[in-house]
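This report covers a single protein chain. The sequence and the structure come first, and the notes follow.

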Amino acid sequence: MATLFAASESSIMVDGEAIDGVRAIEYRFQQQRSNVYALGSTERVGMVSGGQTVEGRLRVASTSGKLNGLSGPFQVIATLRHTGADNKTKTMTVTFDECYLTDKSFGIETNGHGEALYSFSAVRLREEISEA
């Protein structure tokens with residue numbers, strides 16, 4: 001059965017400081033792959049792994065002074081939680097190391113509020129799942 005992490009129980013920290021107003025976090029991990037073929041054959045016999053790319057985005061209500069002030073490498077830690085009916089809490093900690101801000105945009109809609117979208121790249125991604 002799938003674990004549904006709750007936004008109301010989860011938190012995002014940048015360089016150890018909690019970020020208020022986070023509406024969403026998205027990330028994508030990609031790894032280059034190349035097929036290996038046997039001589040004289042069209043069937044794949046193996047696969048070679050190459051470079052990795054980690055990209056993420058944080059959507060924040062209005063704006064974030066902490067994220068606006070970033071100029072060098074930083075770390076993002078997303079702590080995603082779910083408390084089940086049995087009162088056991090599952091936690092997935094997603095850590096993005098050596099991040100750099102790559103893009104920032106802002107939008108506001110009629111009868112709505114502003115949202116800033118911060119895009120970043122990271123050297124590595126670590127995911128750890130625990131249950132308490």
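D15 is found in the loop between β1 and β2, the latter spanning residues 17-18. The model is a predicted one. The phi of D15 is near 50°, a positive value in a residue other than glycine. Most residues other than glycine have a negative phi. D15 is partly exposed, because its relative accessible area of 41% falls between the limits of 20% for buried and 50% for exposed.

A positive phi also occurs at N111, with a value of about 60°, although N111 is not a glycine. N111 belongs to the loop between β6 and β7. With 82% relative accessibility, N111 counts as exposed, since the threshold for that class is over 50%.

E17 is found in strand β2. At 40% relative accessibility, E17 counts as partly exposed. Leaving aside neighbours within four places in sequence, E17 is in contact with I12 and K66. The C-alpha atoms of E17 and T79 are 13 Å apart in space, and the two residues are 62 apart in sequence.

In soluble globular proteins, nonpolar side chains tend to be buried together. The largest nonpolar core of this model has 20 residues, of which V14, L67, F74, V76, F96, C99 and F120 touch the most other members. Two or more residues of this core come from each of β1 (6-14), β4, β5 (74-83), β6 (89-107) and β7 (115-122). The contacts of V76, leaving aside neighbours within four places in sequence, are I12, M13, V14, V94, T95, F96, C99 and F120.

S64 lies in the loop between β4 and α1 (65-68). Is S64 buried or exposed? S64 is buried, because its relative accessible area of 7% is under the 20% limit. The side chain of S64 reaches the backbone nitrogen of L67 at 3.2 Å. Not counting residues up to four places away in sequence, S64 touches I19 and Y118.

Q30 is found in strand β3, residues 22-37. With a relative accessibility of 40%, Q30 counts as partly exposed. Apart from residues up to four places away in sequence, Q30 touches G51, Q52 and T53. Q30 and F106 are 76 residues apart along the chain, and their C-alpha atoms are separated by 27 Å.

V48 has its place in strand β4, residues 44-61. V48 is partly exposed, with a relative accessible area of 46%. Together with V36 and V45, V48 forms a nonpolar patch on the surface, and the accessible area of these residues together is about 240 Å².

**Salt bridges**

Side chains of opposite charge can pair when their charged atoms come close. How many salt bridges does the count come to? The count comes to seven salt bridges, the rule being a side-chain nitrogen of Lys or Arg within 4 Å of a carboxyl oxygen of Asp or Glu. Among them are the pairs in this table.

| Pair | N to O distance |
|---|---|
| E55 and R28 | 3.0 Å |
| E115 and R59 | 3.6 Å |
| R124 and D97 | 3.4 Å |

In the salt bridge of E55 and R28, E55 lies in strand β4 and R28 in strand β3, so the pair links distant parts of the chain, 27 residues apart. E55 is partly exposed, with a relative accessible area of 35%. R28 also counts as partly exposed, at 45% relative accessibility.

The salt bridge of E115 with R59 ties together parts that are 56 residues apart in sequence, because E115 lies in strand β7 and R59 in strand β4. R59 counts as partly exposed, at 27% relative accessibility.

The salt bridge of R124 with D97 links distant parts of the chain, 27 residues apart, with R124 in strand β8 (residues 124-131) and D97 in strand β6. R124 counts as partly exposed, at 34% relative accessibility, whereas D97 is buried, with a relative accessible area of 8%.

Technical notes: Residues are numbered from 1 along each chain as its sequence is written. This is a predicted model: local features need pLDDT of at least 70, side-chain atom pairs count only at pLDDT 80 or more; totals for chains, interfaces and linings use all residues. Side-chain values use heavy atoms; hydrogens and water are left out. Patches are made of residues with over 30% relative accessible area and no salt bridge: like charges are joined within 9 Å, nonpolar side chains (Val, Leu, Ile, Met, Phe, Trp, Tyr) within 5 Å. Accessible areas come from the Shrake-Rupley method with a 1.4 Å probe; for residues, only the protein chains shown count as cover. Helices (H or I, at least four residues) and strands (E, at least two) are DSSP runs, numbered from the N terminus. Buried means under 20% relative accessible area, exposed over 50%, partly exposed in between (1.4 Å probe, protein chains only). A nonpolar core is a set of buried Ala, Val, Leu, Ile, Met, Phe, Trp, Tyr and Cys residues joined through side-chain atoms within 4.5 Å. Contact means heavy atoms within 4.5 Å. A polar contact is a pair of N or O atoms within 3.5 Å; within protein, one must be able to donate a hydrogen and the other to accept it, and residues adjacent in sequence count only if both atoms are side-chain atoms.
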